[in-house]
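Let's take a walk through a protein model, starting with the overall picture and then zooming in on some individual spots. Keep the 3D view open while you read.

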Amino acid sequence: MFNAVSKSPWVVHFNCNSCNGCDIEFLACLTPHYDVERFGILHIGNPKHADVLVVTGSVNNRNARVLQNVYNQIPDPKVVVAMGVCTSSGGVFAGCYNILGNVDLVIPVDVFVPGCPPRPEAMIDGIVKAVGILERKRKGEIFPTAPKPLCKFKPSEEQSAEKTAIKEEKTV
Amino acid sequence: MAKNTIIPFGPQHPVLPEPIQLRLVLDEERVVSAIPVVGYVHRGLEKLAEQKDFLQDTYLIERICGICSFIHSLTYSMGIESMMGLTPPPRAQYLRVIWSELHRMHSHLLATGLLADSFGFENLFMQLWRTREHIMDAMEATTGARVLLGTCCIGGVRKDVSEELLKSVLQTLVTVEKELDEHMPVLLNDYSVKQRLCGVGILDKQVAYERGAVGPTARASGIAMDLRTQGYAAYGELDVEPMVETDGDCYARTKVRVRELYQSLNIIRQAIGKIPSGSINVPFKTKPDGEVISRAEQPRGEVLYYLKGNGTDMLERLRVRTPTFANIPPVLAMLAGCELADVGVIVISIDPCISCTER
């Protein structure tokens, strides 16, 4: 039964704070031209049925809690794929007053796919990598979270205070 | 009287590609009213646009929405051009029309596909998105990018398209038209599709007018309103007519989109047939000064930009009113009185774009 998990990982998609560019490219991956279903990947709406969480866009105060909820509802073992440059640094929106920043402030991320938006080929590569990590997690090997692309943006004091607040909340 | 129940619809919901919450006040299975809860995708882009200079803004504005990105930067550029008194050369105007219409086609195919997915017709969703890939290929061939084109700039366009490429776009359109002819009868004539769409989410002409509906939502209710008939860019020299339906239900909205797909095919063919040769942009040295309102027709309806410059690099104010923002009050009117099971279809039938709305 556990073998089936890595043979056909089901994906749930959450749009955090994205401009839609990554979302429509991710949906394009699911459709016949790119067709990730050949890897057994199926897009579903319910996080409780999913193994892979695909996140697009950065985090703001409002959706951080929703993202955490979606993540917590996915049963273990689970992997997170973060699509687009916004997920790693805030991207073009870094510095906006309502952007807290990267997704891994809120949930651990296994694969980052860079690009604005990434090409569907890159996204498929990211998901396939994530499936490999899922397999290793299933065997009980502890896998470190992904190294993050370098971020040039330095958050202001208020924003970093908010970030630490979120981290503390997470550890509690 | 039975006590009303409130059910949250979203922010994470299978039919919604983007997060928005609708709190549905229910009496048994019937929706009494809906309360929208927004803010999940708010980034603060308008403020950021004031901190970057007006040339950088052209590319930032594209990131308001990845689906109608080109038309956003087109509207912004038209506003800045009218502030600075620039007239883009005719070839640039025609190229702008071609890319706008390619964007409209891919957006309408996307919306119709998502609608098919929302009532469980996954096969049709896949087929429509397969057709959409031809248009994405045409955009990639002509601009180098699939989603965020980055070709519109102030004073014209950044990139010229050779005659051979324009011919290959025409070839693509032949393929697309052939596939549309195959899929669209299924969408429009299928018994089960009609069961889900006809008579669902009816919006009266009067209500649509009072609540300020725009785009296909307004046109499906019988309001002949299409900004392309005003003749911005090169639309004045092309044959454009608003596609109007009178039923005002989900089926009429879908039908308007299908007819607009064929209309866009026609417009691109006209534009490629008439495109003049010459330069593609005009140089300028001035800075934007004054205030201006700029409007254009997006796939979802009318977008309105208010721009205020003060003679420096930075704009003093940038305000966007996007079509989905205007369409939220009409969709609340549609939801009142509908069945709970129809909520997903009704919301998707206006083709909501939340990241436009919240910026």
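Here is a briefing on the two chains and on a handful of residues inside them. One thing to keep in mind from the start is that this model is predicted. Chain A has 172 residues, while chain B has 359. We'll begin with the chains, then turn to cysteines, backbone angles and contacts.

**Chain B as a whole**

- If you count up the secondary structure of chain B, you get 13 helices and eight strands.
- Chain B has a radius of gyration of 20 Å, close to the 21 Å that the globule rule gives for 359 residues, so chain B is as compact as a globular protein of that length.
- The C-alpha trace of chain B spans about 70 × 45 × 35 Å along its principal axes.
- Buried residues make up 61% of chain B.
- Take the contacts in chain B with a separation of 6 or more: 70% of them join residues 24 or more positions apart.
- Chain B exposes about 13100 Å², and carbon and sulfur atoms supply 51% of that.

**Chain A as a whole**

- Chain A comes to six helices and five strands.
- In chain A, buried residues make up 55% of the total.
- Among chain A contacts with a separation of 6 or more, 83% are between residues 24 or more positions apart.
- The accessible surface of chain A is about 7600 Å², with 56% of it belonging to carbon and sulfur atoms.

**Cysteines without bonds**

- A disulfide is a covalent bond between the sulfur atoms of two cysteines.
- How many disulfides does the structure hold over all chains? The count is zero.

- Most residues other than glycine have a negative phi, and most peptide bonds are trans.
- Asn20(A) is not a glycine, yet it has a positive phi of about 85 degrees. You'll find Asn20(A) in the loop between β1 (10-15) and α2 (21-30) of chain A, and it counts as buried at 2% relative accessibility.
- Asp351(B) is another non-glycine with a positive phi, this time about 60 degrees. Look for Asp351(B) in the loop between α12 (343-349) and α13 (354-358) of chain B; its relative accessible area of 4% makes it buried.
- The peptide bond from Cys116(A) to Pro117(A) is cis, with omega near -15 degrees. Pro117(A) belongs to the loop between β5 (111-113) and α5 (120-138) of chain A.

**Buried residues and their contacts**

- Is Ser73(B) buried or exposed? Ser73(B) is buried, with a relative accessible area of 0%. Ser73(B) lies in helix α3 (residues 69-84) of chain B, and beyond its sequence neighbours it touches Thr58(B), Ile61(B), Glu62(B) and Cys152(B).
- Val147(B) lies in the loop between α5 (122-143) and β4 (152-153) of chain B and is buried at 3% relative accessible area. Val147(B) and Phe70(B) are 77 residues apart in sequence, but their C-alpha atoms are 8.8 Å apart in space.
- Val147(B) has contacts in both chains, including Gly21(A), Ile24(A) and Pro117(A) from chain A, and His103(B) and Met136(B) from chain B.
- Cys19(A) is in the loop between β1 and α2 of chain A, and at 7% relative accessibility it counts as buried.
- Cys19(A) and Phe93(A) sit 74 residues apart in sequence and 9.9 Å apart in space, C-alpha to C-alpha. Besides Phe93(A), the contacts of Cys19(A) include Arg43(B), Arg63(B), Cys65(B) and Ser355(B).

Methods
Residues are numbered from 1 along each chain as its sequence is written. Chains are lettered from A and ligands numbered from 1 in the order in which they are written. This is a predicted model: local features need pLDDT of at least 70, side-chain atom pairs count only at pLDDT 80 or more; totals for chains, interfaces and linings use all residues. Side-chain values use heavy atoms; hydrogens and water are left out. Helices (H or I, at least four residues) and strands (E, at least two) are DSSP runs, numbered from the N terminus. The radius of gyration is taken over C-alpha atoms; the globule rule is 2.2 Å times the number of residues to the power 0.38. Buried means under 20% relative accessible area, exposed over 50%, partly exposed in between (1.4 Å probe, protein chains only). Contact means heavy atoms within 4.5 Å. Accessible areas come from the Shrake-Rupley method with a 1.4 Å probe; for residues, only the protein chains shown count as cover. A disulfide is a pair of cysteine sulfur atoms within 2.5 Å. Lists of a residue's contacts leave out its neighbours within four places in sequence.
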